[in-house]
Structures are given as structure tokens and as C-alpha cells.
Amino acid sequence: MKTSTAARALAAALVGLSIAGAPKFAFADIKDYEFQLVEPTVQAGADKVVSVRLVNNKTGKPVPDAVIFATRLDMGPDGMQEMATKVTPVPGTEPGTYRFKANFSMEGRWQLSLGAKVQGETGTVESKLVITARK
Ligand SMILES: [Cu+2]
């Protein structure tokens, strides 16, 4: 009885140790990453291309090979959440830059919502970027 209590206490201590030690083995936090617009404006019209850069804020470096699994583009910033348009990925021009083609059918502010996975990191990067479509 005494032995098993001691064993349990040891096991509990080891679990405690491994939890306390875990952050040392983690890489950059997923919150260190963010998408940034290369250009804050786009010309209104069909088939316009928007470029975003994925940056690690700790290093200031662009992050290539992210897997973008969610995109949404709508006019939420101008009170038109229901006015959404299709977003099509197009090949990037440089590592760490991601490009999307969309139909900016109306002048005003559009919100691009992105969800992405970064190689070697757990969690997801979620960014909301506001692009202004101009005449
Ligand atoms: Cu609109």
C-alpha cells in the first residue's frame, strides 16, 4: 500500500515535470505569425490579384510553404457581410508571398479572412485583412 502511494506520487511528479518542461521544446508560437497585405488597395473589377505576405514577427522573415485552408472575402467592413465573393489562389511570385484572385465587384472595403497552417507549428494562423477597392 505504501509503495503504490509512493509510486503514484512519483508518477504525478513526473507528469508535473513534463508539463513544466514542455514550453522549452516548443518553437515559435503560432501567434508570432501574421499575414500582411503587400498593397492595401486594389482596383475594383473582375479578376484582381491580392498579394499577402506571411511573416514571423519574431524574426521578421517571410514564411514559405504555409498551407492555406480557409479564405473568405466579403464587404463586412462596409456593413455588407453578405456580399461575399469567391477567392482563388494563384501561384506566388516569391517565397512567403501568397496571392489570390477575386472579383472586387464594388468599390469600398473588403475583408480577406485567412486560415493557415505553418510547417512545424501546431495551431493555425488566422488573419483578417482589410483591402480597399478603388475606382
Ligand atoms: Cu458591397
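Which residue forms a salt bridge with Arg72, and how far apart are the closest N and O atoms? The partner is Asp74, and the closest N and O atoms of the two residues are 2.6 Å apart. The model in which this pair is found is a predicted one. Arg72 is partly exposed, with 40% relative accessibility, whereas Asp74 is buried at 5%.

## The open sheet

Five strands form an open sheet in the order β2-β10-β9-β5-β6, and the pairing in this sheet is mixed. Strands β2 (41-43) and β6 stand at the edges with a single partner strand each, so one side of each has no neighbour in the sheet. From one strand to the next, the twist averages 35 degrees.

Within this sheet, strand β5 (residues 67-75) pairs with β9 over seven bridges, in the antiparallel sense. Arg72 has Ser113 as its bridge partner in β9.

## Pairing around β8

Strand β8 (residues 97-104) runs antiparallel to strand β3 (residues 45-56), and seven bridges join the two. Gly45 has Phe104 as its bridge partner in β8. Strand β8 is also joined to strand β7 (residues 87-90), again antiparallel, by four bridges. In this pairing Val87 stands opposite Ala102. Strands β7 and β8 make a hairpin with six residues between them. In the turn, Gly96 has a positive phi of about 90 degrees.

Ala102, in strand β8, is buried, with a relative accessibility of 6%. Which residues does Ala102 contact, leaving aside its neighbours within four places in sequence? They are Gly45, Ala46, Asp47, Lys48, Leu73, Thr85 and Lys86. The C-alpha atom of Ala102 is separated by 7.8 Å from that of Val50, a residue 52 places away along the chain.

## The copper site

The copper ion is coordinated by the SD atoms of Met75, Met80, Met83 and Met106, at 2.2 to 2.5 Å. What is the geometry of the site? It is tetrahedral, with angles of 102 to 127 degrees among the four donor atoms. For comparison, the ideal angle for four tetrahedral donors is 109.5 degrees.

Along the chain, the donors follow the spacing M-x4-M-x2-M-x22-M. Met80 lies in strand β6 (residues 80-85) and Met106 in the loop between β8 and β9 (108-117), so this pair ties together parts that are 26 residues apart in sequence. Met106 is partly exposed, with a relative accessible area of 30%.

## Salt bridges

Side chains of opposite charge can pair when their charged atoms come close.

| Pair | N to O distance |
|---|---|
| Lys58 and Asp32 | 3.3 Å |
| Asp78 and Arg109 | 2.8 Å |

The salt bridge of Asp78 and Arg109 has a side-chain N to O distance of 2.8 Å. Asp78 lies in the loop between β5 and β6 and Arg109 in strand β9, so the pair ties together parts 31 residues apart in sequence. Asp78 counts as partly exposed at 31% relative accessibility, and Arg109 counts as partly exposed at 39%.

The side chains of Lys58 and Asp32 meet at 3.3 Å, N to O. This pair links distant parts of the chain, 26 residues apart: Lys58 is in the loop between β3 and β4 (61-62), and Asp32 is in the loop between α1 (2-25) and β1 (33-37). Is each member of the pair buried or exposed? Lys58 is exposed, at 65% relative accessibility. Asp32 is buried, with a relative accessible area of 13%, because a value under 20% counts as buried.

Asp32 has contacts with other residues as well. Leaving aside its neighbours within four places in sequence, Asp32 is in contact with Val55, Asn56 and Asn57, along with Lys58.

Key. Residues numbered from 1 in each chain as written. Predicted model: local features only at pLDDT ≥ 70, side-chain atom pairs only at ≥ 80, totals over all residues. Heavy atoms only, no water. Pairing = 2+ DSSP bridges. Donors = N, O, S within 2.8 Å, 3.2 Å for Na, K, Ca; no water. Tetrahedral: all angles 85-135°; square planar, octahedral: opposite > 155°, others 65-115°. Buried < 20%, exposed > 50% of the residue type's maximum accessible area, 1.4 Å probe, protein only. Axes fitted to C-alpha atoms, helices over the stretch in contact; angles between N-to-C directions. Salt bridge = Lys/Arg side-chain N within 4 Å of Asp/Glu carboxyl O. Contact = heavy atoms within 4.5 Å.
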